[in-house]
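Dear colleague,

I am handing over the structure below, and my notes on it follow. Please read them with the structure open.

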Amino acid sequence: WELLISWAGAERYLIRVAPGAVLAPAVPVQAVELVLPVDTAGQRAAAAGAPFGSAVVRGSDLFEGEIVECNAALPVLLGGRARPSARLADLLDPAGLTEARDKIVAGSVGPLELMTPGPEARSLHLYIAPEDDARRVWIFDVSAQKAMELQLNQSAKMQAIGQLAGGVAHDFNNILMAIDNQVFDLTTRHPVGDPSYGALVQIQQDVTRASDLVRKLLA
């Protein structure tokens, strides 16, 4: 078999493969670094009408750098101070910035989990993309998603508690049945008029109340 590989503006390589042989180039192939151009115009067009926040930030430190442009959704998301010449650090809760910086240094481009400041804080996911000599950030409000995750986690915890309570209730009910059987046997040997009869009846009544409580727990 012969396979001809070509790339626009690059050399062509002819690869010959014999049946059952390991695929290997007949001509030495040089490593080619492919660098795709950033569609700056496309990013700007997408950001302009996007329902989520976007901004171009210039500076070595993303959060201390200056916002040079932002879309209309960013001030809605981060407040009226989100405008050109502002810093992202002033618009976000500082508690999450250290971890976000560490992720950026490690090569992460998102999602970086951040919060807006204030009592009605929003949960944010921030993504980074290069744009000319700066960086564009995309910021999404994931508060509803986080609230749903919290609700699901809480539901899972309540379900686990319910299963634990159910298991304990079943075990406790077995103990109550054993006590009730023993008391019934004792009442046959200590009938009415026996000094122990009154205490045994009281134990039976307590077992009945405990059994009612077990049924409520199981319900």
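Proline 130 is partly exposed, at a relative accessible area of 49%. Its place is in strand β6, which covers residues 123-131. The C-alpha atom of proline 130 lies 8.7 Å from that of threonine 40, although the two are 90 residues apart along the chain. Please bear in mind here and below that this is a predicted model.

Serine 123 also belongs to strand β6. With a relative accessibility of 13%, serine 123 counts as buried, because the cut-off for that is under 20%. Neighbours within four places in sequence aside, serine 123 is in contact with Leu114, Met115, Phe140, Asp141, Val142, Ser143 and Lys146.

One of those partners, Met115, has contacts of its own to report. Methionine 115 sits in strand β5, residues 112-115, and is partly exposed at 32% relative accessibility. Apart from residues up to four places away in sequence, methionine 115 touches Leu92, Asp93, Ala121, Arg122, Ser123 and Leu124. Between the C-alpha atoms of methionine 115 and glycine 96 there are 7.1 Å, with 19 residues separating the two along the chain.

Some backbone details are worth checking in the loops. The peptide bond that leads from glycine 110 to proline 111 is cis, with omega near 0°. Proline 111 is in the loop between α3 (97-105) and β5. Serine 85 is not a glycine, yet it has a positive phi of about 85°; this residue is in the loop between α2 (73-78) and α3. Aspartate 132 likewise is not a glycine and has a positive phi, here of about 55°. It is found in the loop that joins β6 and β7 (134-141). Aspartate 132 counts as exposed, because its relative accessibility is 55% and the cut-off is over 50%.

Now to the helices α4 and α5. Helix α4 (residues 143-189) packs with helix α5 (residues 197-218) at an angle of about 160°, and their axes are 9 Å apart. The two are therefore roughly antiparallel, a term used for angles over 145 degrees. Their crossing is left-handed. On the α4 side, the contact is made by Gly166, Ala169, His170, Phe172, Asn173, Leu176, Ile179, Asp180, Val183, Phe184, Leu186 and Thr187. On the α5 side, it is made by Leu200, Ile203, Gln204, Val207, Ala210, Ser211, Val214, Leu217 and Leu218. By type, the residues of this contact are 14 nonpolar, six polar and one charged.

Helix α4 has 47 residues and spans 68 Å from its first C-alpha to its last, close to the 69 Å expected at 1.5 Å a residue. Which residues of α4 are buried? They are Gly166, Ala169, Leu176, Val183 and Thr187. What covers the buried residues of α4 includes α5.

Last, the chain as a whole. It has five helices and seven strands, in the order β-β-α-β-β-α-α-β-β-β-α-α from the N terminus on. Of its 219 residues, 26% are buried. Taking the contacts between residues at least 6 apart in sequence, 39% join residues at least 24 apart.

Regards

How values were computed: Residues are numbered from 1 along each chain as its sequence is written. This is a predicted model: local features need pLDDT of at least 70, side-chain atom pairs count only at pLDDT 80 or more; totals for chains, interfaces and linings use all residues. Side-chain values use heavy atoms; hydrogens and water are left out. Axes are lines fitted to C-alpha atoms, for helices over the stretch in contact, and angles run from 0 to 180 degrees between N-to-C directions. Helices (H or I, at least four residues) and strands (E, at least two) are DSSP runs, numbered from the N terminus. Angles under 35 degrees count as roughly parallel, over 145 as roughly antiparallel, 65 to 115 as roughly perpendicular and the rest as oblique. A crossing is left-handed if the near helix is turned anticlockwise from the far one by less than a right angle, and right-handed if clockwise. Contact means heavy atoms within 4.5 Å. Ala, Val, Leu, Ile, Met, Phe, Trp, Tyr, Cys and Pro count as nonpolar, Asp, Glu, Lys and Arg as charged, and the others, Gly among them, as polar. The expected span of a helix is 1.5 Å times one less than its number of residues. Buried means under 20% relative accessible area, exposed over 50%, partly exposed in between (1.4 Å probe, protein chains only).
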